[in-house]
Amino acid sequence: RGQLNLSRIVADGEVATRAAPGTRNAKPAAAASRPAPGSERPSRPWAVEIARVDLEDNQVQWQDRATPSPVNLPISRLSGSIANVGTKLDQAVNTDLRMTVGRNGQLTVKGSAVPDPLSLDMNLQWRNLALGVIDPYLAETIGIELRRGDATGNGRLRYGRDRARFAGRLTVSGLEAPERRSGDELLRWKVLNVTGIDADVL
């Protein structure tokens, strides 16, 4: 167990130091020990490259408090790999992950992502994902509540230049979606299949 505070290690591209106990009033080293002006070599930024990270049976507790009601989403049995991870943010990171979302949802994510500028190209497969998880994100935009229902499907999600596009299929089962304010029943169905989806989602 330990702590790492990068602000205490790196400051303006140099190693930051603190005086040892009892040396608060110590004078700095003599100027003669410093390199002559113009002879300093420019410091290089830190660079980290990790070829591959393997994950097996990990757990993540996701909580989002930016929504009208907090979203708590436990992710368990997280396994797979993440490749080409490093400080080069314009380099694609490859992912091949499998996980359990909530109680029974299964999600597989395989593809690539570039952190900066952000872009994604992911193949997704999901089964029995609870729709109620995303309801807080829709509370201020739609007048129905996703009270019950599970989603199963697959497709390709691409994002870049502030545009997202999804192509695939979706099956929703056991949907109950009442009117948000009154609670009156509005939508209910056992199974809804939607195929041939190819649309901008953002």
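W62 lies in strand β3 of this predicted model. Strands are DSSP E runs of at least two residues, helices are H or I runs of at least four, and both are numbered from the N terminus. At 45% relative accessibility, W62 is partly exposed. The classes are buried (under 20% relative accessible area), exposed (over 50%) and partly exposed (in between), with a 1.4 Å probe and protein chains only.

Areas come from the Shrake-Rupley method with a 1.4 Å probe; for residues, only the protein chains shown count as cover.

Numbering runs from 1 along each chain as its sequence is written. In this predicted model, local features need pLDDT of at least 70, side-chain atom pairs count only at pLDDT 80 or more, totals for chains, interfaces and linings use all residues, and side-chain values use heavy atoms, leaving out hydrogens and water.

**Backbone**

| Residue | Phi | Relative accessible area |
|---|---|---|
| D57 | near 55 degrees | 54% |
| D162 | near 60 degrees | 64% |

D57 sits in strand β3 (residues 49–64). D162 is in the loop between β8 (148–160) and β9 (163–178). D57 counts as exposed, and D162 is exposed too. The D116 to P117 peptide bond is cis, with omega near -5 degrees. P117 belongs to the loop between β6 and β7 (119–130).

**Whole chain**

The chain has two helices and 10 strands. Their order is α-β-β-β-β-β-β-β-α-β-β-β. Of its 202 residues, 22% are buried. The chain exposes about 15500 Å², with 51% from carbon and sulfur atoms. Among contacts (heavy atoms within 4.5 Å) with a separation of 6 or more, 46% link residues 24 or more positions apart.

**Confidence**

Mean pLDDT, the predictor's confidence per residue from 0 to 100, is 83 for the chain. At least 70 is reached by 79% of the residues. Strand β6 (residues 105–114) is highest, at 98, and helix α1 (residues 6–9) lowest, at a mean of 35. Residues 1–32 fall below 50; beyond near neighbours in sequence, this stretch makes 11 contacts in the model. Where pLDDT is low, predicted coordinates should not be read in detail.
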